Amino acid sequence: GGDLTLGNGARLEIPPGAITDETEVIFSLGEAVNAFRNREDEKIVGPSLVIAPELASANGSKFVVELPYTSLPEGFTEENVAIAFERHDENSSGFRGGAMRTTWDHAPARATSAHKLRAELTALPGMRVQFVVSN
């Protein structure tokens with residue numbers, strides 16, 4: 001187990017025993033997410049983060065992803081916070097030239113009293129994660 005922290009204060013906590021094999025985990029800023037930009041009922045909060053490879057907790061303990069924030073988009077409250085995570089879309093054949101299609105799933109997250117967005121997950125699909133607010 002251990003913690004990985006980025007310069008912007010984003011943090012990934014890997015609990016003891018969650019990963020049984022020696023694994024190099026990448027935790028970094030990701031490319032901008034366009035999937036939520038044209039929606040009025042859902043907005044991004046902060047940058048996307050990359051967590052790779054795919055992680056699944058071996059002992060049921062939860063990986064913690066945290067991101068500091070200053071404010072939420074207008075019209076949304078702390079009750080609207082969620083985390084979206086990108087994964088391979090197994091139901092599509094991909095694009096020409098071999099590019100893969102991805103889709104976004106959502107999981108519960110919360111805003112803490114320390115002005116951080118926090119999600120606790122037993123698995124991460126090994127791609128980008130993005131905190132969002134959603135009605």
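Tutor: A salt bridge is a side-chain nitrogen of Lys or Arg within 4 Å of a carboxyl oxygen of Asp or Glu. E40 and K43 give one case here, with their side chains meeting at 4.0 Å, N to O. Before we go on, note that this is a predicted model: local features need pLDDT of at least 70, side-chain atom pairs count only at pLDDT 80 or more, and totals for chains, interfaces and linings use all residues. Residues are numbered from 1 along each chain as its sequence is written, and side-chain values use heavy atoms, with hydrogens and water left out.

Student: Are E40 and K43 buried, partly exposed or exposed?

Tutor: Buried means under 20% relative accessible area, exposed over 50%, and partly exposed in between (1.4 Å probe, protein chains only). E40 is exposed because its relative accessible area is 67%. K43 has 23% and so counts as partly exposed.

Student: How many salt bridges does the rule give?

Tutor: The count is 10 salt bridges. Another of them joins R11 to E66, with the closest N and O atoms 3.3 Å apart. This pair links distant parts of the chain, since R11 is in strand β2 (residues 11-14) and E66 is in strand β7 (residues 63-68), 55 residues apart. Strand names come from DSSP: strands (E, at least two residues) and helices (H or I, at least four) are DSSP runs, numbered from the N terminus.

Student: Are R11 and E66 buried or exposed?

Tutor: R11 is buried, at 16% relative accessible area. E66 is buried too, at 7%.

Student: Which residue forms a salt bridge with D105?

Tutor: The partner of D105 is R87, and their closest N and O atoms are 2.4 Å apart. This pair also links distant parts of the chain: D105 belongs to strand β9 (residues 102-108) and R87 to strand β8 (residues 81-88), 18 residues apart. D105 is partly exposed at 25%, and R87 is partly exposed at 25%. Elsewhere, salt bridges that share partners join D3, R11, E13, E66, R118 and E120 into one network.

Student: Which strands does β8 pair with?

Tutor: Strands of a sheet pair through backbone hydrogen bonds, either parallel or antiparallel. The test used here is that DSSP finds at least two bridges between two strands. β8 runs antiparallel to β9, with 7 bridges between them, and A84 has H106 as its bridge partner in β9. β8 is also antiparallel to strand β13 (residues 128-134), joined by 5 bridges. There, V81 has V133 as its bridge partner. β8 is mostly covered, with 6 of its 8 residues buried.

Student: In what order do the strands of the open sheet stand?

Tutor: The open sheet has 5 strands in the order β1-β2-β7-β11-β10, and the pairing is antiparallel. β1 and β10 (110-111) are at the edges; each has a single partner strand, so one side of each is left without a neighbour in the sheet. Within this sheet, β7 and strand β11 (residues 116-121) pair over 6 bridges in the antiparallel sense. L67 has L117 as its bridge partner in β11.

Student: How many bridges join β1 to β2?

Tutor: Strand β1 (residues 2-5) and β2 run antiparallel and are joined by 4 bridges. D3 stands opposite E13 in β2. The hairpin of β1 and β2 has 5 residues between the strands, and in it G9 takes a positive phi near 95°.

Student: Which residue other than glycine has a positive phi near 60°?

Tutor: That residue is H115. H115 lies in the loop between β10 and β11 and is partly exposed at 38% relative accessibility. Another backbone detail is the cis peptide bond joining A52 and P53, with omega about 0°. P53 is in the loop between β5 (49-52) and β6 (55-56).

Student: How many aromatic pairs does the structure hold?

Tutor: A pair of aromatic rings is described by the distance of the centres and the angle of the planes. Rings of Phe, Tyr and Trp (its six-membered ring) pair if their centres lie within 6.5 Å; planes under 30 degrees apart count as stacked, over 60 as edge-to-face and the rest as tilted. The structure holds 1 aromatic pair. Its rings, those of F36 and W104, have centres 5.5 Å apart and planes at 70°, so the pair is edge-to-face. F36 is in the loop between β3 (26-29) and β4 (42-44), while W104 is in strand β9, 68 residues apart. F36 is buried at 3%, and W104 is buried at 15%.
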